[in-house]
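Welcome! Take a moment to look over the sequence and the model, and then we will walk through them together.

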Amino acid sequence: MTTSVPPISEPDPSALTCPGDQVGPCATCQRKTQKYGRGGGPLCQWCFRSALEQWGPKVRHTNTRP
């Protein structure tokens, strides 16, 4: 079952559960999402899913938090 991608104006669910200073734009679509450290390239769940389909299972999130 696939779900449709909401409009860009809707934030990623991760942005709704983290502190405001940890919210930033998705590196691909600019949707508000949780950012992962300085200089990171965060992806919203929909852009991450697209990258996963394109690059395969070697794509993963590396936690940069101390």
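## A helix with a buried side

In helix H2, which spans residues 45–55, Trp46, Cys47 and Ala51 are buried. Because they cover an arc of only 140° around the axis, they sit on the same side of H2; the arc is that of the directions from the helix axis to the C-beta atoms. Buried means under 20% relative accessible area, exposed over 50%, and partly exposed in between (1.4 Å probe, protein chains only).

The buried residues of H2 pack against helix H1 (13–17). Just after H2 comes Gly56, with a positive phi of about 90°.

## About the model

This is a predicted model, where local features need pLDDT of at least 70, side-chain atom pairs count only at pLDDT 80 or more, and totals for chains, interfaces and linings use all residues. Residues are numbered from 1 along each chain as its sequence is written, and side-chain values use heavy atoms, leaving out hydrogens and water.

## The overall layout

The protein has 2 helices and 2 strands, running α-β-β-α from the N terminus on. Helices (H or I, at least four residues) and strands (E, at least two) are DSSP runs, numbered from the N terminus. Of the 66 residues in the protein, 24% are buried.

How many disulfides does a search of the whole structure find? The search finds 0, counting as a disulfide a pair of cysteine sulfur atoms within 2.5 Å. For Cys29, the nearest cysteine sulfur is that of Cys47, 3.7 Å away. For Cys47, the nearest is that of Cys44, 3.6 Å away. Cys47 is buried, with a relative accessible area of 14%.

Definitions and conventions. Contact = heavy atoms within 4.5 Å.
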